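New to this protein and wondering where to start? Here is a friendly run of questions and answers to read alongside the picture.

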Amino acid sequence: MSERRVGVEIEFAGVGIDAAVDTIAAELGARTETVSEHEYLLHVPDYSDAFRVEVDFALLKQLSREERNEPDQIRKTVVGLLEAAASLATPLELVTPPLRLDQLPQLDQLLRSLAKSGAVGTQDSMAYAFGVHFNPNVVNDDP
């Protein structure tokens, strides 16, 4: 039986997505891939799946991808309006690939680097209600 893994989602604010991506990529030695201006993949050596950094707003990400693939002035305006609204209280999110349990402590240093770059959490504003989510691999889906 293979070792159980867990994906982690960490929400934060206080730093722009470009700065967050740069900080995380530097810490992990990752190569970045732009999906849209609101979501990035970070390809890290020795990990089969990419880390993701994104604005935690599905509609904004969808429209931003569409705008990138098929530029349109109306869509661009809507993306700008959603982006402005999102900047008030919508967090950025770091989504890890499934990690071995012995890899979880590495996230501590990553979070310290994000904090040094200006990232903040729930305690920094009454408007924030961010979370950390653990997504363990399902061991067996047979009842």
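Q: Is Leu63 buried or exposed?
A: Keep in mind that this is a predicted model, so the values here are computed from it. Leu63 is found in helix α2, which covers residues 58-69. The cut-off for buried is under 20% relative accessible area. Leu63 has a relative accessible area of 15%, so the word for it is buried.

Q: How many Å apart in space are Leu63 and Pro97, C-alpha to C-alpha?
A: In sequence, Leu63 and Pro97 are 34 residues apart. Going from C-alpha to C-alpha in space, the two are 24 Å apart.

Q: Is Lys61 buried or exposed?
A: Lys61 is another residue found in helix α2. Leaving aside neighbours within four places in sequence, Lys61 is in contact with Ser36, His38, Glu39, Glu54 and Val55. Its relative accessible area is 10%, and buried means under 20%, so Lys61 is buried.

Q: In what order do the elements of the protein run from the N terminus on?
A: Let's step back to the whole chain. The protein has 4 helices and 7 strands. Starting at the N terminus, the elements run β-α-β-β-β-α-α-β-β-α-β.

Q: What percentage of the residues of the protein count as buried?
A: The C-alpha trace spans about 50 × 35 × 35 Å along its principal axes. The protein has 143 residues, and the share of them that count as buried is 36%.

Q: What is the volume of the largest cavity?
A: Searching the whole structure turns up 1 cavity of 30 Å³ or more. Leu28, Tyr47, Phe51, Leu99, Gln103, Gln106, Leu107 and Leu110 line the largest cavity. By class, that lining has 6 nonpolar, 2 polar and no charged residues. As for the volume of the largest cavity, the value is about 50 Å³.

Q: Which helix gives the most to the lining of the largest pocket?
A: The largest pocket has a volume of about 260 Å³. It is lined by 19 residues, and the closest to its centre are Val15, Val55, Ser87, Thr90 and Leu92. By class, the lining of the largest pocket has 12 nonpolar, 5 polar and 2 charged residues. The top contribution, 5 residues, comes from helix α3 (residues 73-89).

Q: At what angle do helix α1 and α4 pack?
A: Helix α1 covers residues 17-28, and its axis is 10 Å apart from that of α4. In passing α4, α1 makes a right-handed crossing. The angle at which α1 and α4 pack is about 145°.

Q: How do the residues of the contact of α1 with α4 divide by class?
A: On the α1 side, the contact is made by Ala20, Thr23, Ile24, Glu27 and Leu28. On the α4 side, Gln109, Leu110, Ser113 and Leu114 take part. By class, these residues divide into 5 nonpolar, 3 polar and 1 charged.

Q: How far apart are the C-alpha atoms of Tyr128 and Glu11?
A: Tyr128 is found in the loop between α4 and β7 (132-136). Not counting residues up to four places away in sequence, Tyr128 touches Ala13, Leu88, Ala89, Val120, Gly121 and Thr122. Along the chain, Tyr128 and Glu11 are 117 residues apart, yet their C-alpha atoms are separated by 9.9 Å.

Q: Does Asp46 count as buried or exposed?
A: Asp46 lies in the loop between β3 (39-43) and β4 (51-55). Its phi is near 75°, a positive value in a residue other than glycine. Exposed means over 50% relative accessible area. Asp46 has 81% relative accessibility, so it counts as exposed.

Key. Residues numbered from 1 in each chain as written. Predicted model: local features only at pLDDT ≥ 70, side-chain atom pairs only at ≥ 80, totals over all residues. Heavy atoms only, no water. Helix = DSSP H or I, 4+ residues; strand = E, 2+ residues; numbered from the N terminus. Buried < 20%, exposed > 50% of the residue type's maximum accessible area, 1.4 Å probe, protein only. 1 Å grid on protein atoms, 1.4 Å probe; cavity = no way out; pocket = protein on both sides within 12 Å on 5 of 7 lines; lining within 4 Å. Points joined across faces, edges and corners; volume = space filled by probe spheres on them. Nonpolar A, V, L, I, M, F, W, Y, C, P; charged D, E, K, R; others polar. Axes fitted to C-alpha atoms, helices over the stretch in contact; angles between N-to-C directions. Left-handed = near helix turned anticlockwise from the far one by under 90°. Contact = heavy atoms within 4.5 Å.
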